[in-house]
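Subject: Handing over a structure

Hello,

Here is the structure I promised to pass on to you. Have a look at it first, and then read on for my notes on what turned up.

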Amino acid sequence: MNSATVRNLLVRGMLAGLAAGLLALVVAYFLGEPRVDQAIAFEEAHAHEHGGEELVSRTLQSTAGLSTGVLVYGVAFGGIAALAYCFALGRTGRFGPRASALLLAAAGLVAVYVVPFLKYPANPPAVGDPDTLDQRTTLYFLMVVLSVLLAVGTVILGKRLAPRLGNWNATVAAGAFFVLVVGLAYALLPSYSNVPEGFPATLLWQYRLAALAVQVTLWTAYGLLFGLLAERVLTPRTAAGPEGAAARATPVPH
Amino acid sequence: MAQSAVAQPTASPTTPTAVPAKLPISAIAPWAVFFGILMLVLLYFVGAEQGATSLVSGEGVHEWVHDARHLLGFPCH
């Protein structure tokens, strides 16, 4: 029964991720793509030579390619977030199914994207030295992993402090801990800034805002949609049926 | 504003949300391990394949997801 609940939540999480991915795709196409094209135009105007033919045409990259990437990303994070939701449910505080989903999505946005983004922001084509790609990739993924682990640690810390400090103060203290450690990581990890001479600052700013908008859309839509679907999975269990009532009445000792 | 704030406690038709029961770790773990890894592999192909590391030779994957990689914030080139 419990395993079936996990499966149902996982499937709905992936579907919600797909739907959220579609919305994010709309944002990426209309806000992001014009800036990518402008950056590529800059790159080509300043390139010494642009050897080699295109493997995938720009039209395909900006439509089918973009869709593949964004939708797979949405489904993948939808699934992972649904699994995290299964762990978090009933373990993080007195939140119902929908509030839990939205809080989880907000935490996901901050931990998976915003924290790494503030240190290693999204770069349009033409920005970024190919020679440092290996380090930048490693550091970016390291930052994501670090930030997710830190977010989990923060929740656990908050739970531990709550009996002593009360919910409000425990949340503030755990949040301060999160900010402090993130700040420390920012200070200690190396930075890379390879904006080519003459690259328009406004274009870079708009590009990065667009990238942020894609993620905010994705995670917000996911949180709202998955919360709705998860509530439908969970409510019959708690509201009706002898099994559901029994499961709720006994404090589960697993 | 003030009116709705006053009215809410009495007028609220919804019962306080029941906190959902915990799902046992043993029920989550198999799904988490199998699907968690599958999802991470998917993310790897969108985010990093044929960039810093390469499992499939060539540039096809990189070029196909090029725009998505840029706009999702992964280091691309």
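**Where the two chains meet**

The contact between the chains is made by 54 residues of chain A and 39 residues of chain B. On chain A, at least two residues each come from helix 1 (2–46), helix 2 (58–88), helix 3 (97–119), helix 4 (133–165), helix 6 (201–239) and helix 7 (242–249). The top contributor on that side is helix 2 of chain A, with 15 residues. Sorted by class, the side of chain A that touches chain B holds 30 nonpolar, 17 polar and 7 charged residues.

The mean pLDDT of chain A is 90, and 90% of its residues score at least 70. Which elements of chain A mark the two ends of the confidence range? Helix 5 (residues 167–188) of chain A has the highest mean pLDDT, at 97, while helix 7 of chain A has the lowest, at 46. Along residues 240–250 of chain A the pLDDT stays under 50, and the model gives that stretch 10 contacts beyond four places in sequence. Where pLDDT is low, the predicted coordinates should not be read in detail. Helix 7 of chain A is also among the helices that supply residues to the side touching chain B.

**Chain A as a whole**

Chain A contains 7 helices and 0 strands, giving the pattern α-α-α-α-α-α-α along the sequence. Its C-alpha trace spans about 70 × 40 × 25 Å along the principal axes. Of its 254 residues, 36% count as buried. If you take the contacts in chain A between residues at least 6 apart in sequence, 84% of them join residues at least 24 apart.

Chain A is split into two domains: domain 1 (1–46 + 58–127 + 199–254) and domain 2 (129–194). Their C-alpha centres are 19 Å apart. Where they meet, 9 residues of domain 1 of chain A are in contact with 13 residues of domain 2 of chain A. The domain 1 side of that meeting is made up of 7 nonpolar, 1 polar and 1 charged residues.

**The core, and Tyr85(A)**

The largest nonpolar core has 79 residues, and the members that touch the most others are Tyr85(A) and Tyr222(A). Helix 2 of chain A provides the largest share of this core, with 16 residues. Both domains take part, as the core draws at least three residues from each of domain 1 and domain 2 of chain A.

Tyr85(A) sits in helix 2 of chain A. Is Tyr85(A) buried or exposed? Tyr85(A) counts as buried because 27 other C-beta atoms lie within 10 Å, and the cut-off for buried is 20 or more. Leaving out residues up to four places away in sequence, Tyr85(A) touches Leu9(A), Gly13(A), Ser100(A), Ala101(A), Leu104(A) and Ala230(A).

**A few more residues to look up**

Ser147(A) belongs to helix 4 of chain A. With 24 other C-beta atoms within 10 Å, Ser147(A) is buried too. Again leaving out residues up to four places away in sequence, Ser147(A) touches Ala111(A), Val115(A), Pro116(A) and Val182(A). Between Ser147(A) and Leu203(A) there are 28 Å in space, C-alpha to C-alpha, and the two are 56 residues apart in sequence.

Two backbone angles are also worth a look. Ala126(A), which is not a glycine, has a positive phi of about 85°. Ala126(A) lies in the loop between helix 3 and helix 4 of chain A, and counts as buried because it has 23 C-beta neighbours inside 10 Å. In chain B, Gln50(B) has a positive phi of about 60° and is likewise not a glycine. Gln50(B) is in the loop between helix 2 (25–47) and helix 3 (60–64) of chain B. With 19 C-beta neighbours inside 10 Å, Gln50(B) counts as partly exposed.

Happy exploring, and write back with any questions.

Best wishes

Key
Residues are numbered from 1 along each chain as its sequence is written. Chains are lettered from A and ligands numbered from 1 in the order in which they are written. This is a predicted model: local features need pLDDT of at least 70, side-chain atom pairs count only at pLDDT 80 or more; totals for chains, interfaces and linings use all residues. Two residues are in contact if their C-beta atoms, placed from the backbone, lie within 7 Å. Helices (H or I, at least four residues) and strands (E, at least two) are DSSP runs, numbered from the N terminus. Ala, Val, Leu, Ile, Met, Phe, Trp, Tyr, Cys and Pro count as nonpolar, Asp, Glu, Lys and Arg as charged, and the others, Gly among them, as polar. pLDDT is the predictor's confidence in each residue, from 0 to 100. Domain bounds come from an automatic or database domain assignment. A nonpolar core is a set of buried Ala, Val, Leu, Ile, Met, Phe, Trp, Tyr and Cys residues joined through C-beta atoms within 7 Å. A residue is buried if 20 or more other C-beta atoms lie within 10 Å of its own, exposed if 12 or fewer, and partly exposed in between; C-beta atoms are placed from the backbone.
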